[in-house]
Amino acid sequence: MSSPLLPDAPAEKSAPTHFVREMILEDLKTNRFGGRVHTRFPPEPNGYLHIGHAKSICLNFGLAAEFGGKCNLRFDDTNPCKEELEYVESIIRDVRWLGFDWEDRLFYASDYFDQLYEWAVQLIQAGKAFVCDLSAEEVRAYRGTLTEPGRNSPYRDRAIEENLDLFGRMKAGEFPDGARTLRAKVDMASPNLNLRDPVMYRILHAEHHRTGDKWCIYPMYDFAHGQSDSIEGITHSICTLEFEDHRPLYDWYLNALGVHHPQQIEFDRLNLTYTVLSKRRLLTLVQTGYVSGWDDPRMPTISGIRRRGYTPRGIRNFCARVGVSKTNGTIELSLLEHAIREDLNRTAPRVMAVLRPLRVVIENYPEGQVEEMEAVNNPEDPAAGTRLVPFSRVIYIERDDFREDPPKQYYRLAPGREVRLRYAYFIRCVSVVKDEATGEVLELRCTYDPATRGGNSPPDGRKVKSTIHWVSAAHAADAEVRLYDTLFTREDPGAEEGREFTSDLNPNSLEVLQGCKLEPALAGAAAGSRYQFERLGYFCADPDSTPGKPVFNRTVALRDTWAKIEKSLKESR
RNA sequence: UGGGAGGUCGUCUAACGGUAAGACCGCAGACUCUGGAUCUGCUUAUCGGGGUUCGAGUCCCUGCCUCCCAGCCA
């Protein structure tokens with residue numbers, strides 16, 4: 001039994017069932033694998049995990065948990081040229097962070113190199129594999145095309161003894177890279193190109209991150225994956241749609257070897273609007289410096305969205321909601337944002353922060369006086385309690401919460417108008433101080449009503465249409481706040497004919513705000529701590545924060561009804 | 001023009017021959033010391049054409065469209 005979810009793991013939202021679960025249920029019913037369910041998540045350590053991998057992780061670990069089975073973490077490290085220890089470490093960190101546990105079952109395909117080699121020898125002895133001297137270009141030429149069959153390699157009928165000798169010498173390092181390959185004898189006329197005598201081993205004089213220089217021949221994915229599954233006793237080998245064509249080969253190797261034979265099942269990989277999710281493209285973004293690294297908060301990588309402030313539970317719930325099928329579709333980014341808001345709404349402490357400060361002097365408030373106002377920490381969670389927030393004569397409010405000439409349906413502050421300061425007082429704007437030269441609003445002069453202390457309605461029953469947030473100027477903590485927009489301007493980056501995906505990059509995906517004003521308690525916010533800045537959105541303290549200077553990332557904005565109204569107002573004009 | 005897999009609201013997913021459902025998005029309203037959250041209502045879909053059937057999204061035939069495959073990548 002495994003406990004795939006860490007102790008803090010919550011119950012997931014119940015999601016509709018799907019075909020993979022149905023297949024497992026059927027196998028359980030027929031006792032196909034002795035009632036066992038054993039899956040695995042098999043990343044290649046050649047890049048960082050992203051939100052698409054999260055779907056696969058949740059599926060594999062989730063199914064195992066559901067049926068009281070196990071799920072392994074296995075690195076598919078058969079290509080030393082692309083793989084690195086840094087990636088292995090990041091993947092381990094990310095899967096764990098998502099809330100899953102593989103106990104003692106951390107494996108590597110490279111653990112099986114000796115066994116794989118023996119199996120290759122076995123296939124040679126059975127007359128089912130041969131050493132081929134064709135070059136890469138020649139192999140391609142012999143392979144045929146989509147519509148024409150291929151031709152047999154001239155080396156296909158080599159004697160078994162010669163094959164054995166040559167393969168041994170390949171392993172011994174007698175030949176340079178690319179000089180020969182070991183190929184399976186399947187069928188050069190198969191309409192499935194994967195079956196046209198696929199390469200099993202290639203010569204690569206490259207250092208492997210785990211086996212060092214022990215090997216100079218490495219198995220191909222197809223010759224390693226199924227057997228690795230078999231060795232681990234996997235029952236259901238879940239992979240993405242593009243491997244559908246490989247299943248016949250997966251089955252062929254396992255049958256030829258006569259070993260435990262898992263069921264490969266293919267499902268649709270995740271696609272997200274305004275996002276790229278291919279390792280090649282993500283690598284490009286990192287290497288060309290379009291982003292600051294794999295963990296740039298604009299990246300769809302697990303490490304990126306973690307830094308951005310996304311929660312494991314929010315991501316898991318998202319994965320449950322997107323479903324599993326064989327339809328190649330694209331999920332709207334809004335669904336991800338919804339899942340994150342849903343979780344953060346329940347868990348994030350509320351706090352007041354002013355991003356674009358406008359100074360307000362409350363003329364009738366006693367100079368030098370400070371009051372501690374009681375504020376609710378989380379209206380969704382009474383147990384979160386309350387806190388005290390200092391209030392004084394000079395405060396900051398959001399520039400956007402004041403309009404000199406308010407449009408219709410705008411009911412925040414304006415000359416002569418009254419609003420509520422959350423948890424504090426009603427204030428009325430009595431005058432506006434402007435820069436004579438530029439016309440810029442420098443400061444507001446207001447009056448407050450002492451009868452509204454705590455933000456309560458006054459005895460006369462007077463109402464205000466709006467409540468705004470504020471921070472006491474003398475007590476505020478200064479902060480840097482980073483606002484993010486989508487990394488791309490198009491839903492489907494790079495989809496347009498002849499256009500590089502990088503030309504769809506959003507030049508405004510990052511906006512850095514300095515001089516933001518926070519409630520004093522946030523001065524020393526720990527990196528990774530999440531808050532809701534009231535009326536603005538969810539924010540997460542960045543590791544760049546220093547003791548005197550917190551840095552916050554906006555995880556996701558709150559739903560903004562006024563912004564919508566304003567937008568439609570502008571459009572209808 | 002070979003093979004494989006798909007096609008249900010704008011998006012994703014359900015309906016297992018018997019009233020096409022849910023979520024997200026959008027729109028409208030209620031409520032509110034967050035224009036947040038919550039609640040209510042509304043709009044919108046079975047790729048086309050034939051057939052079988054009392055009854056078809058589902059079964060059959062036939063078109064059309066989309067995705068994947070010609071790495072010694074995974």
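Reader: Which atom type of RNA strand B is 3.2 Å from an N or O atom in the side chain of N328?
Author: Please note that this is a predicted model. The partner of the N328 side chain is a sugar or linking oxygen of RNA strand B.

Reader: And what lies 3.2 Å from a polar side-chain atom of S334?
Author: For S334, too, the partner is a sugar or linking oxygen of RNA strand B.

Reader: How many residues surround RNA strand B?
Author: There are 67, and the closest are S325, R420, G454, Q532 and T561. By class, the residues of this surface comprise 22 charged, 24 polar and 21 nonpolar.

Reader: Which helices and strands each supply at least two residues of that surface?
Author: They are the helices α5, α11, α12 and α13, together with strand β6 (199–203).

Reader: Changing topic: what is the strand order in the open sheet of seven strands?
Author: The order is β19-β16-β17-β18-β12-β15-β20, with mixed pairing. At the edges are β19 (467–468) and β20 (470–472), each pairing on one side only.

Reader: Do β12 and β15 pair in the parallel or antiparallel sense, and over how many bridges?
Author: Strands β12 (residues 357–362) and β15 (residues 394–398) are antiparallel, with five bridges. Within β15, Y396 stands opposite R359.

How values were computed: Residues are numbered from 1 along each chain as its sequence is written. Chains are lettered from A and ligands numbered from 1 in the order in which they are written. This is a predicted model: local features need pLDDT of at least 70, side-chain atom pairs count only at pLDDT 80 or more; totals for chains, interfaces and linings use all residues. Side-chain values use heavy atoms; hydrogens and water are left out. A residue is near a molecule or strand if one of its heavy atoms lies within 4 Å of it. A polar contact is a pair of N or O atoms within 3.5 Å; within protein, one must be able to donate a hydrogen and the other to accept it, and residues adjacent in sequence count only if both atoms are side-chain atoms. Helices (H or I, at least four residues) and strands (E, at least two) are DSSP runs, numbered from the N terminus. Ala, Val, Leu, Ile, Met, Phe, Trp, Tyr, Cys and Pro count as nonpolar, Asp, Glu, Lys and Arg as charged, and the others, Gly among them, as polar. Two strands pair if DSSP finds at least two bridges between them.
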